[in-house]
Amino acid sequence: MESPSLLLSTTLLAFAFKASVAQWTPAFATFYGGSDASDTMGGACGYGNLYNAGYGVNSAALSTALFNNGASCGMCFTITCDASKTQSCKQGTSITITATNFCPPNYALASDNGGWCNPPRQHFDMSQPVWETIAVYQAGIVPVNYRRVPCQRSGGMRFTINGNNYFELVTVANVGGSGVVSQMWIKGSKTDWMVMSRNWGASWQSNAYLNGQSLTFKVQTDDGRVVTADNVAPYNWWFSGTYTSWQQF
């Protein structure tokens with residue numbers, strides 16, 4: 001049975017998440033990546049090919065104020081162009097994106113003249129196809145309003161394993177619910193549970209020798225929910241392989 005303190009902590013996390021998804025906040029948005037979004041693939045979160053990760057072109061790079069040193073990777077936002085501040089909006093439209101990349105600051109430029117992602121600005125550098133859903137191409141930059149929303153995913157979570165012997169670097173993608181992994185555990189078929197540590201973005205690491213063992217992962221999102229993906233990687237898994245679970249938030 002879970003302890004009262006753990007239940008209280010989980011309840012508070014869930015309450016904080018629900019509160020965060022209700023509030024609209026002003027920000028700005030630009031676009032990058034080309035008309036086919038091909039240059040948005042990869043990115044600081046470590047997802048690689050965004051189609052394979054389950055995110056497609058509905059993605060954005062976040063400024064420092066939003067990226068939170070990678071802890072916001074996988075977070076979902078609904079964004080709408082603020083028509084009260086510009087005539088460049090496409091009226092009545094909105095788009096939901098996933099945070100997949102980091103928009104670095106450019107301190108050589110003023111924050112209101114090219115240094116759009118400089119702290120403390122809240123800024124989304126969106127893929128071009130997504131941008132053109134809510135604003136006209138010629139605008140370049142528009143004021144927006146955004147709010148965090150639950151992530152709707154197709155299929156289960158995906159685990160990509162890189163690294164080498166005694167070092168498993170696991171990137172977890174296509175995470176539903178809050179979308180943000182706050183803690184992970186790994187278990188080999190011959191081991192107990194081991195806590196993983198965040199390496200960067202959506203990648204978590206373990207320093208155990210697990211070759212030849214099937215792997216189970218336990219994933220906790222930042223609203224306190226926990227899902228276990230049992231034996232998602234078979235005993236003959238290999239580095240650079242991606243393994244899909246039926247489990248989802």
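Which hand does the link of C103 and C117 have, right or left? Right-handed, with 90° about the S-S bond. I'll come back to that pair.

Some ground rules. This is a predicted model, in which local features need pLDDT of at least 70, side-chain atom pairs count only at pLDDT 80 or more, and totals for chains, interfaces and linings use all residues. Residues are numbered from 1 along each chain as its sequence is written, and side-chain values use heavy atoms, with hydrogens and water left out.

Disulfides, then. A disulfide is a covalent bond between the sulfur atoms of two cysteines. Here the criterion is a pair of cysteine sulfur atoms within 2.5 Å. That rule gives 4 disulfides. Number the bonded cysteines of the protein chain in sequence order, and the pairing reads 1-2, 3-8, 4-5, 6-7.

Take C76 and C151. Their S to S distance is 2.1 Å. The link of C76 and C151 is right-handed, at 120° about the S-S bond. C76 is in strand β3 (residues 76-81), while C151 is in the loop between β6 and β7 (158-164), so the bond ties together parts 75 residues apart in sequence. Helices and strands here are DSSP runs numbered from the N terminus: helices are H or I with at least four residues, strands are E with at least two. Both C76 and C151 are buried. Buried means under 20% relative accessible area, exposed means over 50%, and partly exposed lies in between, with a 1.4 Å probe and protein chains only.

Next, C81 and C89. The sulfur atoms of C81 and C89 are 2.0 Å apart. The torsion about their S-S bond is about -70°, so this disulfide is left-handed. C81 has 9% relative accessibility and counts as buried. C89 has a relative accessible area of 10% and is buried.

Back to C103 and C117. S to S is 1.9 Å for this disulfide. The hand, again, is right. Both cysteines lie in the loop between β4 (95-102) and β5 (123-127), so the pair ties together parts that are 14 residues apart in sequence. C103 and C117 are both buried.

On to the rings. A pair of aromatic rings is described by the distance of the centres and the angle of the planes. Rings of Phe, Tyr and Trp (its six-membered ring) pair if their centres lie within 6.5 Å; planes under 30 degrees apart count as stacked, over 60 as edge-to-face, and the rest as tilted. The count is 12 aromatic pairs. One of them is F31 with Y137, a tilted pair at 5.2 Å centre to centre and 40° between the planes. F31 and Y137 link distant parts of the chain, 106 residues apart. F31 is in strand β1 (residues 25-32), and Y137 is in the loop between α3 (128-134) and β6 (142-149). Y137 is partly exposed, at 42% relative accessibility. Ring pairs also bring in W131, giving a cluster of F31, W131 and Y137.

Now W238 and Y243. Ring centres are 5.7 Å apart and the planes are at 70°, so W238 and Y243 form an edge-to-face pair. Is W238 buried or exposed? Exposed, with 52% relative accessibility. Y243 counts as buried, at 8%.

Two charges sit over rings. The rule: NZ of Lys or CZ of Arg within 6 Å of the ring centre and within 35 degrees of the ring normal. R121 has its charged end over the ring of F28, 4.9 Å from the centre. K218 does this with W193, at 4.7 Å from the ring centre.

Last, a sheet. It is open, has 5 strands, and runs in the order β11-β12-β8-β7-β15 with antiparallel pairing. Two strands pair if DSSP finds at least two bridges between them. The edges are β11 (197-200) and β15 (241-244), each pairing on one side only. Strand β8 (residues 167-173) meets β12 (residues 203-206) through 4 bridges, antiparallel. Within that pairing, L169 has Q205 in β12 as its bridge partner. β11 and β12 pair over 3 bridges, in the antiparallel sense. W200 has S203 in β12 as its bridge partner. The β11 and β12 hairpin has 2 residues between the strands, and G201 takes a positive phi near 55° there.
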